[in-house]
Each structure stands twice: as C-alpha cells, then as structure tokens.
Amino acid sequence: QILDLTKPSRRTQDHDEKFIASYCIKNYSAMSYNIVSVPNGGGAPEQSYSKLKAAGACENKGFAEMFKFEVPSLMVGTLDSLMNLSDELGRTDHIVESVVRKIEKTHSELSLLTKRSDTALTVGGVPPTRYIQQFAWDYAKYPNRRPLKELVQLISGGVAAVDEELKQLGTGYADKVAALSDSMRRKQGNLLIADLNDALKPNDMKDIAVHDTDYLVTVFVAVPKVLTESFEGEVKTGRLGDMIVGFGGPDWSNDKTNLGQPVKFGKQIDRTTKTGSPIVPESLQRVKEDADSALYALTILKGQIKAGYVEGGQYVSGSNIDFLPDFVKACKEKRYIVRDFKYDPTQASKSAMLLEQMQVEVEGMKTGLTRWCRTHYGEAFVAWMHIKVIRVFVESVLRYGLPVDFTAVLYMTKKGKE
C-alpha cells in the first residue's frame, strides 16, 4: 500500500513491511520523483532496500529508477508534537513549493523576453533533477539536533524572506515596464493620447496664439474626427460649458434708478440666474489633425471672483472660482479631451532622452531580476527538499513507531509508469 503524503491520511502504528510511506515531487523534466520509506522490522536496511528495488526498479518491474535517499536522525520529541507538526508541515510544504514555482515562472517569462537559453536554473550549481537524486542533508545550515518545530520555522522563515524580496523586485519591474509601455503608447498614439510635445512641431504652433494671463488661459482640446463638426458648432454658438459662468445680478445698464443705492448685492445675489460659457469668442484654432482625431486650441476665462460680504461687522473677502475644472468636465461629457499640455519646443528631445533612459532601466532591472532568480532559486529549492525530508521522517515515525527504524529511497518514475 502506497500513501501519498500530499493528501490527508490516517495514522497508524502498523509495522507490516507492506505498509510504506510515499512522498511525490512532480514536474521535473517530465518525470516525477517519489520518496518512499518502509520499516526495517528489526532487519538490516539493505534488506529493505533490496525489496524496494525488486518492487519497482528491477528488470521485471521497470517502473522507475531507484536511488538511495538519506534521511538524517532528527529529534523526535513527543507523539503529540509530531502529530501537530504533521499538519503544519503540509501547509509549509505547499507555501515553500509555491515560492519555488513563482521563481520558476518569473525566470521562464524573463528568459522568453531575453530569448536566452543559457540561463537555466540550478541548485548548488547542478540541475534540480541531479540535486534531487544526489540529495544530502545540509547539517551546517539545518542542524539535525535542533527541535523539529524550530527547524521548520527556520526553513519557512528563510523562504518567506525570499518570497517578500521577489514580490518587491517583481512589483518594481512590473511598474517600470508599465511606465515604459505607457510612454511608448503615448509616443505612437493619436492626438487623443500622444505626448503633444512629440506630436507638435514648431511649424504647427507658429500661428497659434497661446495665452496665460491673470484672466485668460489657452487650452488644447483633442476631438475624435467624427465629432469635430459638432465641437466647432458648440464652441462658436457658446453652448459648450454654457452653465459654468454666472453673471446674474442688478441690471444697472438698463435701469439706473437704484445705481449706487443699498440694493441687494454680494452674497445676497444668485449670479447663476444667468449663465454662459467661459470660451472667448473667435478664439478657436485648429492646430493639427491625424487620421483619428483633431487638436484645437481655444482661450477661456480663467475664473471669476465671488463677491465678498460683511458679517458681524467684519468684511469677509470673496473667493476665486476656477472655471477650468468645470470646463474639462463639460468637455469630457461630450467626449472631448482637454489635454494637460504646455508647449515647450525643447521637450521633444527631453522626452526622447527620457524614453531611452527608461528602456535602459527596464533592461537593467530585467537582467538583475534574472540574476536574482538564478541565485535564490537554489535556496528555495533546498529549503523545499529539506521540508520534504522532515515530512518523510515525521510520517514514518507516526506510522512505524519508535525506535526510529526505517529505510527511505527515491524513485524516479518513468513517463507513463506513474
């Protein structure tokens, strides 16, 4: 009977030699490995070894290739502690394996980007398959006379640090790649998204009047080609943003009777009883167009002052109302895009230099992350193998009892013979 330790199973103290414990390591070079332990039953380990070889790794039953597997003499502790540790080991094994797989996936993706095949992951300088077959406990790093719980915490703590570092490096690299992709998209996109300092040439701007004073500001609006006619019509008729500017109040131009008299004024007047657009008439200019969109420049009022008032004998100053946010919102509702842009003829060369610098940074981070994966993969894989060995030890003691007397081997299962 073979028990797969990757799944929950009943525990027993049965010492029947047919009762063995098996642990599977899958997906390495299209092969799977099984660590198998059997009780010696008071006999020599060589007898158990021979029986295991005859069971699945001989000429008549050539299901697998078999290797001797070292399980060190670890501290047993109490039965209760072993049973609790058995449950914890299952979770730890899953977590450590997930870190190993993350590093493999990250390295694989980076290798595809670099198109290099000479950066295979290794464990201690050898392929993972050879490390599994030649496994030896690292007594210096994981002293076998330390309590098992401490050993598990030591191993899982080291792997958690590796996982956290991978997350930070991966996030940093992903953010940098996203920023580069966004810059490339803007450089190659239409006027709705492109970097306008790249898209606009001095010849495009030579006849464009640009204002930025205390009262006026020129904005650039990108409009899809299918909407240019309606956009120009709304601007010329003053319908675009016609609820933004409030100019209601006493009409002294038509009725001068109360001019200078203490009539309603200041905060007592609702200036929004009459509204209009902040666009300066006749200021619309077409700057540039492409196959998908057109870019316009138009000048708008910057804002207006809300009247001050006297309260409790104290004068309260009026506040400034900025028209630009409301104008941007009004344009967005009509699918017109107000571009956040100030023309700078020197910015195009700066943008090209910045893009080149970002490309260099991405390549550097890619190389660094690849090197990190190659360095830390072995550390995570070694930790994973040691967790497996501890699992084999703990499950074997729980199944076969004390004193500790079992033999472990490694089966490399042939494809299709699992």
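Reader: Which residues on the other side of helix α8 are exposed, and what makes a residue exposed?

Author: In this predicted model, Lys329, Lys332 and Glu333 are exposed on the other side of α8. A residue is called exposed if its relative accessible area is over 50%, so that is the cut-off these three residues pass.

Reader: Which residues of α8 are called buried, and why do they line one face of the helix?

Author: Within α8, which spans residues 324-333, the buried residues are Phe327, Ala330 and Cys331, a word that stands for under 20% relative accessible area. Seen down the axis of α8, these buried residues fall within an arc of 100 degrees, and therefore they line one face. As a general rule, an α-helix has 3.6 residues a turn, so residues three or four places apart point the same way.

Reader: What covers the buried residues of α8?

Author: The cover includes three strands, β5 (216-224), β9 (293-301) and β14 (337-339).

Reader: How do you know that β8 and β9 pair?

Author: Pairing requires at least two bridges between the strands, and 4 bridges join β8 (residues 285-289) to β9, so the pair meets that requirement. The two strands run antiparallel, with Glu289 standing opposite Ala294 in β9, and they form a hairpin that has 3 residues between them.

Reader: What is the average pLDDT of the protein, and where does pLDDT stay under 50?

Author: The average pLDDT is 85, with 86% of the residues scoring at least 70. Over residues 1-19, however, pLDDT stays under 50, although the model has 51 contacts beyond four places in sequence for that stretch.

Conventions
Residues are numbered from 1 along each chain as its sequence is written. This is a predicted model: local features need pLDDT of at least 70, side-chain atom pairs count only at pLDDT 80 or more; totals for chains, interfaces and linings use all residues. Side-chain values use heavy atoms; hydrogens and water are left out. Buried means under 20% relative accessible area, exposed over 50%, partly exposed in between (1.4 Å probe, protein chains only). The arc is that of the directions from the helix axis to the C-beta atoms. Contact means heavy atoms within 4.5 Å. pLDDT is the predictor's confidence in each residue, from 0 to 100.
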